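User: I have a model open and would like to talk it through with you. Could you start with how one of the chains is packed?

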Amino acid sequence: MADDVTMRVWRGDADGGDFAEFTLPAQEGEVVLDVIHRIQATEAGDLACRWNCKAGKCGSCSAEINGRPRLMCMTRMDQLPEGPVTVAPMRTFPIIRDLVTDVSFNFEVAKSVPAFAPPPRPEEGYRMAQIDIERGQEFRKCIECFMCQDVCHVIRDHEDNKPQYAGPRFFIRYAELEMHPLDTNDRRELLRQQGGLGMCNITKCCTEVCPEHIKITDNAIIPMKERVVDATYDPVAWLGRKILRRKKATPQQAVTHGA
Amino acid sequence: MSVGGATITPVQLGGARGGPSARTLRKDRWWVQPTITVVLLTAFVVYSTWAVFVNKDYYVGAVAHRDLISPFFSPCVTGSCVAGAHGTFFVIYWWHITPALLILLGPLSFRVTCYYYRRAYYRGFWQSPPACAVADAHTGYTGETRFPLILQNLHRYFLYVALMFNTILTIDAVTAFRLPGDGGIGVSLGSLVLSANAILLWAYTLSCHAARHLCGGHVNTFSRHPIRYRIWKTLTPLNARHMQLAWASLIFVALTDLYVRLVAAGVFTDPKIF
Amino acid sequence: MTEYETHDYDVIVIGAGGAGLRAAIEAKDRGLRTALICKSLLGKAHTVMAEGGVAAAMGNVYAEDSWQVHFRDTMRGGKMLNNWRMAQLHAMESPDRVQELEAWGALFDRTTDGRILQRDFGGHRYARLAHVGDRTGLELIRTLQQRAVAMDIDVFMECKILRLLSDADGVVSGAVGYWRATGEMVVFSARSTVIATGGAGKSWKYTSNSWECTGDGHAMSLWAGADLIDMECVQFHPTGMVWPLSVRGILVTEGVRGDGGVLRNSEGKRFMFEYVADMFRAETAESEEEADRWYEDHSAGRRPPELLPRDEVARAINTEVKSGRGTPHGGVFLDIASRRSAEVIRRRLPSMYHQFMELAGVDITHEPMEVGPTCHYIMGGVRVDAETAAATVPGLFVAGEAAGGMHGSNRLGGNSLSDLLVFGRRAGIGASDFATGRSGQVVPNQAEIDRTVDEALAPFTRDEGENPYQVHHDLQDTMQTLVGIIRTQSELDEALEKLDELTSRASRVAVGGGRSYNPGWNLATDLPAMLTVSRCVTLGARDRRESRGGHTREDFPNADPEFGKVNLVQRQPSGGGMDEEIKIGPEPIPEMPDELKALFEETH
């Protein structure tokens, strides 16, 4: 291992900024967040970064390390290539300062997803089979690091799409609710029209960056695209609904369901 | 109590983007993957176009004691097909250009709308995005919400078409074990090539995301639909290898055509194994 | 005078971990104007770290389980120092609290007949922990978070609360703090205030707690005039990783020792043989050879000394380190690499192996681990009324780790998540009822606001001063070495002197940069609470001259029945903030009614 590590850390705010270079002695078994903490404790006490658990469980310390979205607490220094390590804030969200971005977009989207709507709870509790909840359990591993939202080019490169795009994190939320064995709501049209599922062109970057290894594209987005096809695009399914006089829920109905 | 507010409000937020305005900060060779995709897909298109329009050497018949047909030309349903190659009960006489053009539309539509290939060509050709955390090459973006890309949603119908072709190519593979005028049934390298091609195509088709949905993925309570759950559970690991199967079957279908073509052109004879 | 924004609510909840979320949901559900305030983003609180499960006597796996058995397990685990009524309510209500999470979308692992699966855990007589793999805490916080979002509760994220505010009658009436993003001050006025700020582990060097766990709620309650109890009762794990940095604080399960791992000092000596107390001598191996035979065949030898009870092991590690035979980073070596084949280690300890490999490149099949006592949980906290979670000052309610009494002197695994739910809800009800009954305008004390704002901004006004990171570092060193897992009179006295010095240094910290998202300044504003809580723990540890549960005194190694009857209560009688001296004294613990006492006699 080299004796020194050099970090190029973005410093700045909404008015602009630049990379600042810090060189400090390497220590064994360090992750990027350890080095950032050492910089804070010595050279730059006001270097802004978010972190909480430092064990890959809370999803706070997302940043772009050498250009790729990573959790700083889960990225070992000795696994990065030789040379300076670039640490930049997540690109998709407005910057607050240094490595901290304003991720409130995600909290706003969260509000727009209609909650779980179960039937009334029986006296002795709900019954669900393990095989019926396993798909949902995979999606509920999500630690909300928002790196899938960050890497998704639909909003990363096209700011104007944000108002009508929920993003991968919330596609798995929709999938979890729609696949729930007890849920009574139908959010497919809401997901198509307001969630912007059709904007996703399944280039799978969300799956690539997910620190929880959730198969976002294969297990949530594509199955939801197929369910939207059932609800909207499939001509035979449309005919079936006409004959059987069934209706799919409108976005409005999905939002007011059970209220 | 209001649940999420009774109205649908678009998310509107301000704030300036931070960080450097570089196209990407990645230092690895992110361009390798899309380049490989472009090269392979282009090679396939060039080869298949040539094979389609050269319109000969796609069938090895009784003269050579074989019954091998190129997957590009099967089912050979036009009147212009070489003797022995065309279908028995259904023949289109008004189609005069190469029959492969008509035939390839089926499998092609399945591959073009396939969730994996979409990823491959959106990244490789359309550069939207070329790689993760590398900027999109286009300023505007509407995804698959408008014509023509909205038609990608019809993928499941092309799945049915692909299943039909798989059946036909399976019959082709089975009949390739008949060696006319050469002792009835036997195994030749050509018959094995056609069999392997059919198996790969089945594996690719069944690993399709639409198949996984239609066979069971649409069910919410697996516990009440044990058979659909079994099928879904079987297809799921296959689906995880959809990309590998897409490439393997694509390359192999071209190699199968090449094999039949070389035998038909008399470059070498199809060796009989036993 | 500094400008600040103001908000007015019926109920404010400070802290958005499990308890805070549950309290806010309850208050909102009762139709009150409710605000939830948290220091981090919503859903990042330390609750996500809980792995084991939620303890609730639902009887899904063992039908014979009941609240009475759960109650008894909890009281015994806490060495009978618990508030019996809290333990009783907790055991009675936790099944309902778990069930209700399912209606809000939680997906617990299932039994074959579709009910919630429950797992075994130390100290619980029956398998009773509802769980989701090893991420139960995440499931709990996400479920509550999604429920809170669906109810449209106002959430103030990344908002650090500095002090509680009182009105002219001494009723708690809100709080003052600042937005971390901008550094701008903000004042909340509220008819009732709920504290659910969690733990205080960040005052120790080796801790499993996140940066947030600075004991803000403990300290703010004390400053507001509330009583704290049993602050000396802090749960340590004897073997947490101390090095490398990337895995510091991660706990190493006892399973490593059970599977053949041994403790060695820096001289390579397997030192545990020298620390076998008389009472364990008969059942403990005398030589390495005998101990090693035990692993193969339990009848061929006596137990290895590495498997002595938790506090015995901790005391031995503590003594080795203090005698200068520790590792360079203040721990000892836990060696399994030289004793078991790589294949066996990987098979027996798969998650441990992968975690250390992935996070630190430490290969436990090749090299020993550096471990030491690691701070994990504080049982002590704000004295509350069991029914309403009301603190001893009006208008203040406390739930979760910040509250004391529930766990006595030691907490059972799985009881913290259920504690959050049961008393989070009760605090929500208590706060709602109080807010509804409170009449007139709520007017927080302006002088308190002004003073707090001035104090908070003071570090910017100093050109030269202490580095807050350095003060924090030294505080952690002090608490780790002097008020750690094993305590003794002389060290506690020394700690109090050092805390005086650190408090004076903390009053001189200077920070650079601006107010917007400035971690150095944020840390500076966390220091007062950390120092106050550290002092309370030290005072309690000094005065509890016995060993009980999570509190172990080298010089008083046994439990003293007289101390078993009292809580050590700490308060600042006039609510004078940091400057006022803390008074400490014993007060009798509430006496259990006879029918509950009978539960403990039955089994004998």
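Analyst: In chain C, 60% of the 604 residues are buried, where buried means that 20 or more other C-beta atoms, placed from the backbone, lie within 10 Å of the residue's own. This is a predicted model, in which local features need pLDDT of at least 70 and side-chain atom pairs count only at pLDDT 80 or more, while totals for chains, interfaces and linings use all residues. Residues are numbered from 1 along each chain as its sequence is written, and chains are lettered from A in the order in which they are written.

User: How many helices and strands does chain C have?

Analyst: Chain C has 17 helices and 18 strands, counted as DSSP runs (H or I, at least four residues, for helices; E, at least two, for strands) and numbered from the N terminus. Its radius of gyration, taken over C-alpha atoms, is 24 Å, close to the 25 Å that the globule rule gives for 604 residues, so chain C is as compact as a globular protein of that length. The rule is 2.2 Å times the number of residues to the power 0.38.

User: Switching to chain A, which residues of helix 3 are buried?

Analyst: In helix 3 of chain A, residues 130–139, the buried ones are A:D132, A:I133, A:R135, A:G136, A:E138 and A:F139.

User: And what covers them?

Analyst: The cover includes helix 6 (168–178) and helix 9 (216–233) of chain A, judged by contacts, meaning C-beta atoms within 7 Å.

Notes
A residue is buried if 20 or more other C-beta atoms lie within 10 Å of its own, exposed if 12 or fewer, and partly exposed in between; C-beta atoms are placed from the backbone. Two residues are in contact if their C-beta atoms, placed from the backbone, lie within 7 Å.
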